[in-house]
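Thanks for coming. I have one model to go through this morning, so let me put it up and then talk about it.

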Amino acid sequence: MNSCLRAQGGATATHRARFPALWGLLLTGLVLALAPGAQAAPAPVPSPTPPESAAGAPFGVQAGLYGLTTLTGGHFGYALKAGARIEDSAVVYNESDEARTFHVYAADVANAAGGGLAPAQEGQKMAAVGAWLKLDSEATVTVRPKSRATVRFSLAVPAGTPPGSYLGSLVTALRTPAVSGGVNTETRIARLVELTVPGTADLQVTLTELEHRTAGGGEEFTVTVRNTGNVLYTFAGTLNVTGGSSARTVPLTPTGIYVIPGGSATLTGRVADLPALGRRAVTASVTATVPGGAAKTVDSNTVRLSSFPWLLATLAVAGLLALGLLLVITRKRRRAWLRRRAEERTALRALRRELRAGDPPADDADEAQAAGTGHP
């Protein structure tokens, strides 16, 4: 037993002697950790890295403080009071092997026709963030191959701006000259600029009349969501179908897209497999959610559907009419045949009575009279 303990102790001593530097580092770290006022070194601020090119574009754009902004994807997010001003920058990366000249400008953002958001075209009159964001340099910037350039800008919120959410975008465009008689192409990257002016949030959602039409073997429903408040929100909607043996829900599309204050978006949904006979009630329900905030659900008017097998009913009525017409024609013919039979029977009975009375038929009496006159 003692020999085993000595052997273990010898192995430990040998292990310590073999790694003196390791033990020294551990002891030094322990002393520093227990020393008064010892503090950990601050973590380094991540440096911007070239973003992924948009749709294969040979360039990229990031916020100057990428990784420290409140919005993902290199976008810009600010909370400023009315009358306040802030300065920021965007970094333009040229990933190609030749120098590129980019055109940078600010634009308002509106809801696109097919859903989602879209920046206004350059040259349009800007009324919100597109007008409040000013570049500190020229609108064009030339970037060397495999290099980057910083574009600085300022955002000033006019005094008296009502509280709410305001959206804009910083657009960077690269125009490619036409080759051999082709057309010019322009690739644009738009970074979202979301501005919040603090104040009382007013989440307001209104729906238009729920409309429907027959399509694809079912009923297609359409309703439009309008943001009549002052905050940006996303939404999700369903069609609630009631009546019959059970209720069901059908999703409305698109979903999860932004609707800016004053903007709107149209939702559609299709209800298939409706019964051939019965009544159904359909109502659209839309829930609007402020990112990281409140939510509100509103319902549309109710559309009532009455299902009836008109084709089968029409065929059945047509069949009944044809059968009735056939019966009428057959009845008329039978009545005519019965009348003829009755007349024939009456004539036959009269002939039999005459024969039993011994009187010749009228035609034979005339012939006999004529014969007697010719031979007295």
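Before the sheet, one term: two strands count as paired if DSSP finds at least two bridges between them. With that rule, 4 strands here make an open sheet, in the order S1-S3-S8-S6, with antiparallel pairing. From one strand to the next, the twist averages 30°.

Mean pLDDT for the chain is 78, and 75% of the residues reach 70 or more. Over residues 1-50, pLDDT stays under 50, and the model has 13 contacts beyond four places in sequence for that stretch. Where pLDDT is low, the predicted coordinates should not be read in detail.

Now the chain as a whole. DSSP gives 5 helices and 19 strands. Of the 376 residues, 29% are buried. The exposed surface comes to about 23,900 Å², with carbon and sulfur atoms supplying 57% of it. Taking contacts with a separation of 6 or more, 66% are between residues 24 or more positions apart.

To give two of the partners in S8: Tyr 93 is bridged to Arg 148, and Ala 90 to Val 151. S8 also pairs with S6, again antiparallel, through 3 bridges. On that side, the partner of Lys 134 is Ser 154 in S8.

Next, the interior. In soluble globular proteins, nonpolar side chains tend to be buried together. The largest nonpolar core in this model has 29 residues, and the members touching the most others are Phe 76, Tyr 78, Leu 155 and Leu 195. What does Tyr 78 touch, leaving out residues up to four places away in sequence? The list is Ile 86, Asp 88, Phe 153, Leu 155, Val 193, Glu 194, Leu 195 and Thr 196. There is also a second, separate core of 26 residues, which includes Val 205, Phe 235, Leu 267 and Ala 288.

Two points on backbone geometry. Most residues other than glycine have a negative phi, and most peptide bonds are trans. Lys 146 is not a glycine, yet its phi is positive, about 55°. Lys 146 is in the loop between strand S7, residues 140-143, and S8. Is Lys 146 buried or exposed? The relative accessible area is 57%, and the cut-off for exposed is over 50%, so Lys 146 is exposed. The other point is the peptide bond from Thr 253 to Pro 254, which is cis, with omega near -5°. Pro 254 lies in the loop between strand S15, residues 248-251, and strand S16, residues 258-259.

Last, Glu 211, which is in strand S12, residues 211-215. Glu 211 has a relative accessible area of 54% and is exposed. Beyond four places in sequence, Glu 211 touches Glu 220, Phe 221 and Thr 222. Glu 211 and Thr 222 are 11 residues apart in sequence, with their C-alpha atoms 5.3 Å apart in space.

That is what I have. Questions are welcome.

Conventions. Residues numbered from 1 in each chain as written. Predicted model: local features only at pLDDT ≥ 70, side-chain atom pairs only at ≥ 80, totals over all residues. Heavy atoms only, no water. pLDDT = per-residue confidence, 0-100. Contact = heavy atoms within 4.5 Å. Buried < 20%, exposed > 50% of the residue type's maximum accessible area, 1.4 Å probe, protein only. Areas by Shrake-Rupley, 256 points an atom, 1.4 Å probe, with all protein chains shown as cover. Axes fitted to C-alpha atoms, helices over the stretch in contact; angles between N-to-C directions. Core = buried A, V, L, I, M, F, W, Y, C linked by side-chain atoms within 4.5 Å.
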